[in-house]
Amino acid sequence: MKFPSAWTKSGTKVIAKPTDTSTPVVARIDMSADVVGKGNCPECRRPMQEVIVNNTKMWACDADRITIPMANANDKNETST
Ligand SMILES: [Zn+2]
């Protein structure tokens, strides 16, 4: 990939890791198989509503305004019964 010369000659260095690790970064949402994988909201962890968006099955949480496409609509863990 070719970057503009203004970027490559600016002397800015890319830091891959944070230099200050005294405050750990913690994810607010939980995308684990135990939460989202079972149809629960990654924010509030309550059961999400099954919706169809553009012919694709998705989970939705109105309270948190989150919509997540189902990994596999035929997966028993991802569909409500
Ligand atoms: Zn929620």
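Predicted model: local features only at pLDDT ≥ 70, side-chain atom pairs only at ≥ 80, totals over all residues.
Helices are DSSP runs of H or I with at least four residues, strands are DSSP runs of E with at least two, and both are numbered from the N terminus. By this rule, the elements of the protein follow the order α-β-β-β from the N terminus on.

Figure 1. Residues are numbered from 1 along each chain, as its sequence is written. The score pLDDT is the predictor's confidence in each residue, from 0 to 100. The protein has an average pLDDT of 82, and 88% of its residues score at least 70. Among the elements, helix H1 has the lowest mean pLDDT, 81, whereas strand S1 has the highest, 94. A residue is called buried if 20 or more other C-beta atoms lie within 10 Å of its own, exposed if 12 or fewer do, and partly exposed in between; the C-beta atoms are placed from the backbone. Of the 81 residues in the protein, 5% are buried. Two residues are in contact if their C-beta atoms, placed from the backbone, lie within 7 Å. Among the contacts with a separation of 6 or more, 15% are between residues 24 or more positions apart.

**Figure 2. The open sheet of three strands, in the order S1-S2-S3.** Two strands pair if DSSP finds at least two bridges between them. The pairing in this sheet is antiparallel. S1 and S3 are the edge strands and have a single partner strand each, so one side of each has no neighbour in the sheet. On average, neighbouring strands of the sheet are turned by 40° against each other, direction ignored. For this angle, axes are lines fitted to C-alpha atoms (for helices, over the stretch in contact), and angles run from 0 to 180 degrees between N-to-C directions.

**Figure 3. The hairpin of S1 and S2.** Strand S1 covers residues 49–53 and strand S2 covers residues 56–61; the two run antiparallel and are joined by five bridges. Isoleucine 52 stands opposite lysine 57 of S2. Two residues lie between the strands of this hairpin. Asparagine 54 belongs to the loop between S1 and S2, and its phi is positive, about 50°, although the residue is not a glycine. Most residues other than glycine have a negative phi. Asparagine 54 counts as exposed because 6 other C-beta atoms lie within 10 Å.

**Figure 4. The hairpin of S2 and S3.** Four bridges link S2 to the antiparallel strand S3, which covers residues 66–69. Across this pair, cysteine 61 has isoleucine 66 as its bridge partner, alanine 60 has threonine 67, and tryptophan 59 stands opposite isoleucine 68. Four residues lie between the two strands, and arginine 65 in the turn has a positive phi of about 55°.

Figure 5. Is threonine 67 buried, exposed or partly exposed? It counts as partly exposed because it has 14 C-beta neighbours inside 10 Å. When neighbours within four places in sequence are left aside, threonine 67 is in contact with Val53, Met58 and Ala60. Valine 51 is 16 residues away from threonine 67 in sequence, and their C-alpha atoms are 8.9 Å apart in space.

**Figure 6. Cysteine 44 in the loop between helix H1 and strand S1.** Helix H1 covers residues 5–8, and the loop that contains cysteine 44 lies between this helix and S1. Which residues does cysteine 44 touch, not counting those up to four places away in sequence? They are Cys61, Ala63 and Asp64. Cysteine 44 and aspartate 64 are 20 residues apart along the chain, and their C-alpha atoms are separated by 7.6 Å. With 14 other C-beta atoms within 10 Å, cysteine 44 is partly exposed.

**Figure 7. Arginine 45 in the loop between H1 and S1.** The phi of arginine 45 is near 65°, a positive value in a residue other than glycine. Arginine 45 is partly exposed, as 15 other C-beta atoms lie within 10 Å.
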